[in-house]
Amino acid sequence: MNGIVVGPGHGRKLITPAQEITFKVTGADGSKASVFEVVVPPGFDVGAHMHHHSEELFCVLEGELEIFAFEPEHYTATDWTNWKSAGGDHPVRAAAGSVAFVPQGCPHGFANRTGAPARMLFTVNPSPQHEFYFDQLAEIFAEPGPPDPEAIEHLRREHDITQFTPLRHNRSQPGAADRRAEERKK
């Protein structure tokens, strides 16, 4: 039996208007967890959500993300920024080197509220649910016009995602298309 080593810049890339995902280790590799490297652009907010059957680990590699992982005292439908837990937890600014663990059933979210891209390593266990989710979400984003919210909600239900606040992203970032084209050349 052999393991694998995936070098910097290697792995299958999935580039959507919302973010860039590189599949590093997948269920097809025999792993029980999926590992992704994610470039999180300025303005991206995954939205508060929860998984009933999977756990996640986020490691911020570059930049800064706002992250929360707790049961809030009160849910709001539009934004999780001001949520707090009964124990006094609030969303935190997670700089490079920060790690967040999200157990099954724990509400969580992350957002890039800075003006620069952030990069994180993201692990989800078990595989391959998130792999399929990302591929199918990319197909929805590739459709002409704005993404179909009903299709996205159906996809989330299929892949163990209960969404509490909306996913948001800034589709029109200056230079983003040029940056992506350059990165593909590397």
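Residues are called buried at under 20% relative accessible area and exposed at over 50%. All views show a predicted model.

View 1. Helix α2 spans residues 149-158, and its buried residues are Ile152, Leu155 and Arg156. Seen down the axis of α2, these residues fall within an arc of 100°, so they line one face of the helix. An α-helix has 3.6 residues a turn, so residues three or four places apart point the same way. Glu150 and Arg157 lie on the other side of α2, where they are exposed.

View 2. Just after α2, Asp160 has a positive phi of about 65°.

**View 3. The second largest pocket.** This pocket has a volume of about 190 Å³. Its lining consists of Tyr133, Leu137, Phe141, Pro147, Pro149, Ile152, Arg156, Pro166, Leu167 and His169. Helices α1 and α2 are the elements that give two or more residues to this lining. By residue class, the lining of the second largest pocket holds 8 nonpolar residues, 1 polar and 1 charged. Ile152 and Arg156 are among the lining residues and are also buried residues of α2.

Methods. Residues numbered from 1 in each chain as written. Predicted model: local features only at pLDDT ≥ 70, side-chain atom pairs only at ≥ 80, totals over all residues. Heavy atoms only, no water. Buried < 20%, exposed > 50% of the residue type's maximum accessible area, 1.4 Å probe, protein only. Helix = DSSP H or I, 4+ residues; strand = E, 2+ residues; numbered from the N terminus. Arc of directions from axis to C-beta. 1 Å grid on protein atoms, 1.4 Å probe; cavity = no way out; pocket = protein on both sides within 12 Å on 5 of 7 lines; lining within 4 Å. Points joined across faces, edges and corners; volume = space filled by probe spheres on them. Nonpolar A, V, L, I, M, F, W, Y, C, P; charged D, E, K, R; others polar.
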